[in-house]
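Please keep the structure in view while reading.

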Amino acid sequence: MYTIKIGGVPEHFNLPWHLSIEDGSYLRSDIQLDWTEYPGGTGAMCEALRKKDIDIAIILTEGIIKDIIDGNPCKIVQTYIQTPLIWGIHVDANSDYTCLSELENKKAAISRYGSGSHLMAHVNAQNQNWDTSLLQFEVVRNLKGAIKALTNGGADYFMWEHYTTKPLVDNGIFKRVADCPTPWPCFVIAVREEILNTNAKQIKTILDIINITTIDFKHIPSIHKTLANRYDQKLEDIQKWLELTEWSQSLIKKNTLVEIQNHLYNLDIINKKVAPEKLIFEL
């Protein structure tokens, strides 16, 4: 039996992993796939990969590209979600902010430096023609930290996945002033190079199993009800999210990697660009 450690955010995107673990698919292939949830998101998973706490991460594309360029010994082995991530831009429900333009030069709550909430604050600022050099940040670690920071005035706004934060908007904790979609496929599967060198066969088997699951995921009977129950979402929100979301079963395209790096470089998020081949591993 091979034990492989995997991490991901506690969000609806990752239900296919839980279903395939729960039905024993990996065990039948002699693989013990141990799942760890990372409420802190991509920044926390980059750190976990570096510390060898996990072998695989289901991680934001832009975040892992930046961290690989910064020296994280990992490779992208596949795109997981092909469609963009829709980032809601949130303020405290009781704040006076009512529109996105009012947030220029205000302080953004971020889970960590290098996280999706940090990188997308730059993308949003560029989209709005704001001076990105004037961006201010408050590190809050996770969604709970963001709620606290926005409530007590430690930060002015927070960017997080639209549907994950929708219950907080519905419950009057956050107010959403805008959305900001990523200009690229949002989630990829990244693996530590050491594991690719020693357990490539097992990683390939894991990809084969998850791909079988995601191909048919939307057609699972009452899957929208399962998602709504497990992730505390309204049924109509999950149905909208399912319509917008497409899983992938293939490696990210090289021209997409070039495009993302150009974007990150122009924002001064990365200080160099590398050949796409240095970011990926083809199984």
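Phe-13, Phe-187, Phe-217, Trp-241 and Trp-247 form one aromatic cluster, where rings of Phe, Tyr and Trp (for Trp the six-membered ring) count as a pair if their centres lie within 6.5 Å, and planes under 30 degrees apart are called stacked, those over 60 edge-to-face and the rest tilted. The model is a predicted one, in which local features need pLDDT of at least 70 and side-chain atom pairs count only at pLDDT 80 or more, while totals for chains, interfaces and linings use all residues. Residues are numbered from 1 along each chain as its sequence is written, and side-chain values use heavy atoms, with hydrogens and water left out.

**Aromatic pairs**

A search of the whole structure finds 10 aromatic pairs, and two of them are set out in the table below.

| Aromatic pair | Centre to centre | Angle between planes | Kind |
|---|---|---|---|
| Trp-87 and Trp-160 | 6.5 Å | 85° | edge-to-face |
| Tyr-113 and Phe-137 | 6.0 Å | 80° | edge-to-face |

Because Trp-87 lies in strand 5 (residues 86-92) and Trp-160 in strand 8 (residues 157-161), their pair ties together parts that are 73 residues apart in sequence; helices (H or I, at least four residues) and strands (E, at least two) are DSSP runs, numbered from the N terminus. Are these two residues buried or exposed? Trp-87 counts as buried at 3% relative accessibility, and Trp-160 is buried too, with a relative accessible area of 6%, since buried means under 20% relative accessible area, exposed over 50% and partly exposed in between, with a 1.4 Å probe and protein chains only.

In the other pair, Tyr-113 lies in the loop between strand 6 (107-110) and helix 4 (116-127) and Phe-137 in strand 7 (residues 136-139), so the pair ties together parts that are 24 residues apart in sequence. Here Tyr-113 is exposed, with a relative accessible area of 54%, whereas Phe-137 counts as buried at 17% relative accessibility.

**The chain as a whole**

The protein chain has 10 helices and 10 strands, and its C-alpha trace spans about 55 × 45 × 30 Å along its principal axes. Of its 283 residues, 55% count as buried. How do contacts, meaning heavy atoms within 4.5 Å, relate to the sequence? Among contacts in the protein chain with a separation of 6 or more, 78% are between residues 24 or more positions apart.

The charged side chains comprise 29 positive and 35 negative ones, and the centres of the two sets lie 3 Å apart; Lys and Arg count as positive and Asp and Glu as negative, with His and the chain ends not counted, and each charge is placed at NZ of Lys, CZ of Arg, CG of Asp or CD of Glu.

Helix 3 (residues 61-69) is mostly covered, as 9 of its 9 residues are buried, among them Glu-62, Lys-66 and Asp-67. Helix 3 is followed by Gly-71, whose phi is positive, near 115°.

Glu-37, by contrast, is found in strand 2 (residues 31-37) and is partly exposed, with a relative accessible area of 38%. Leaving aside neighbours within four places in sequence, Glu-37 is in contact with Gly-8, Pro-10 and His-18. Glu-37 and Lys-234 are 197 residues apart in sequence and 22 Å apart in space, C-alpha to C-alpha.

Note on methods. Contact = heavy atoms within 4.5 Å.
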